[in-house]
Amino acid sequence: MRIRTMPAVAAGCALLLLTGCGAADMTKQASPFANARGAKTVTLSVQSWVGAQANVAVAQYLLEHELGYRVDTVQVDEVPAWDALSQGRVDAILEDWGHPDQEQRYVEDKKTIVNGGDLGVTGHIGWFVPTYFAKQNPDVTDWKNLNKYADEFRTPESGGKGQLLDGSPSYVTNDKALVKNLKLDYRVVFAGSEAAQITQIQQFAKEKKPFLTYWYTPQWLSEQVPMTEVELPPYEEGCDADPEKVACAYPHTPLQKYLNADFARSGGKAAELLRNFEWTTEDQNEVSLMIAEQELSPREAAEKWLDSHRSVWEKWLP
């Protein structure tokens, strides 16, 4: 994800909704169904990582097959999604990694968005190295020793510095500030999307090469490529308040849902189901793996999970 409270997070363009490529311009791609009076429709924002796609696929299936709604989905980056939600262009965001500026503006001040409750998943962003490299070099897990390994993490894209691999530039990240403020001999290199970053990580792992990457949990790839987190200076409340001066780790963030305020008031059973929708990291990863590894369509993965977890989702129904 991703992937922040702050700050993300968290999962190739062939699977558009798994990537950060082709991000939606909400002024051109607004759903004609959002806030349509009398229409039994719901519009959901889909973020560009696979975990977010898993949330939407399950919610969409239940809205359509259990409650009889028409569901429209729109892919949009994290911050523009808040603008779209405030304007009623979409009705709900099902996985937010924390955007305090947007929360203040739209939830507290304008009151055009309301909190829809916990998703049930706690997200965490950090810097990770492959576990096979950490076992050979245990001290790499302390950020103070990273410069010692800069040459081993160097790539053609990072020039003469070590590479810190990031995903999409649209994800919330403090990495450039962290590299500068911690005086690290590294350069942040963006893969361009979650899918492109995953491809690079998988290639590194296949060749047993060392790498340092911005990564987030939960994320299905962690099951396939075990990674060990590098300990950054401890996170303390407010340590990331100034984006230019950040020199601390990312927090652990209970992921939240947000609803358009009008939809929350008048969305009936659809709004109630989305408020009730709460599952575990294991649940989300199960659906994500079916989409990303087994190459099931999101709808197929959602249906397969729902078939075997009736006791979980029946509690969400109004």
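Student: Where is Pro-218 found?
Tutor: Pro-218 is in the loop between strand 7 (212–217) and helix 8 (221–224). Helices and strands here are DSSP runs, H or I of at least four residues for helices and E of at least two for strands, numbered from the N terminus. This is a predicted model with residues numbered from 1 along each chain as its sequence is written, and local features need pLDDT of at least 70. Side-chain atom pairs count only at pLDDT 80 or more, totals for chains, interfaces and linings use all residues, and side-chain values use heavy atoms, with hydrogens and water left out.

Student: Which residue does the cis peptide bond join to Pro-218?
Tutor: Thr-217 is the partner, and omega of that bond is about 5 degrees.

Student: How are the rings of Tyr-214 and Tyr-216 arranged, and how many aromatic pairs does the structure hold?
Tutor: The structure holds 15 aromatic pairs. The pair of Tyr-214 and Tyr-216 is edge-to-face because the planes are at 70 degrees, with the centres 6.1 Å apart. For the cut-offs, rings of Phe, Tyr and Trp (its six-membered ring) pair if their centres lie within 6.5 Å; planes under 30 degrees apart are stacked, over 60 edge-to-face, and the rest tilted.

Student: And Trp-215 with Tyr-216, stacked or edge-to-face?
Tutor: Trp-215 and Tyr-216 are stacked, at 4.8 Å centre to centre and 25 degrees between the planes.

Student: Are those residues buried or exposed?
Tutor: Trp-215 and Tyr-216 are both buried. Tyr-214 counts as buried because its relative accessibility is 1%, and Tyr-216 does so at 0%. Buried is under 20% relative accessible area, exposed is over 50%, and partly exposed is in between (1.4 Å probe, protein chains only).

Student: Which residues form the aromatic cluster?
Tutor: One cluster takes in Trp-49, Trp-97, Tyr-171, Tyr-214, Trp-215, Tyr-216 and Tyr-250.

Student: Switching to charges: which ring does the charged end of Lys-40 sit over?
Tutor: Lys-40 has its charged end over the ring of Tyr-69, 5.0 Å from the centre. Arg-105 also lies over a ring face, that of Tyr-106, at 5.7 Å from the ring centre. The test is NZ of Lys or CZ of Arg within 6 Å of the ring centre and within 35 degrees of the ring normal.

Student: Is Lys-257 buried or exposed?
Tutor: Lys-257 is buried, with a relative accessible area of 1%. Lys-257 is part of strand 9 (residues 252–260).

Student: What does Lys-257 contact?
Tutor: Leaving aside neighbours within four places in sequence, Lys-257 is in contact with residues including Ile-93, Gly-116, Asp-118, Leu-274 and Phe-277. Contact means heavy atoms within 4.5 Å. Gly-116 is 141 residues from Lys-257 in sequence and 4.7 Å away in space, C-alpha to C-alpha.

Student: How do helix 2 and helix 10 cross?
Tutor: The axes of helix 2 (residues 50–65) and helix 10 (residues 268–276) come within 11 Å and cross at roughly 145 degrees. Ala-59, Leu-62 and Leu-63 of helix 2 make the contact with Ala-270, Leu-273 and Leu-274 of helix 10. The axes are lines fitted to C-alpha atoms over the stretch in contact, and angles run from 0 to 180 degrees between N-to-C directions.
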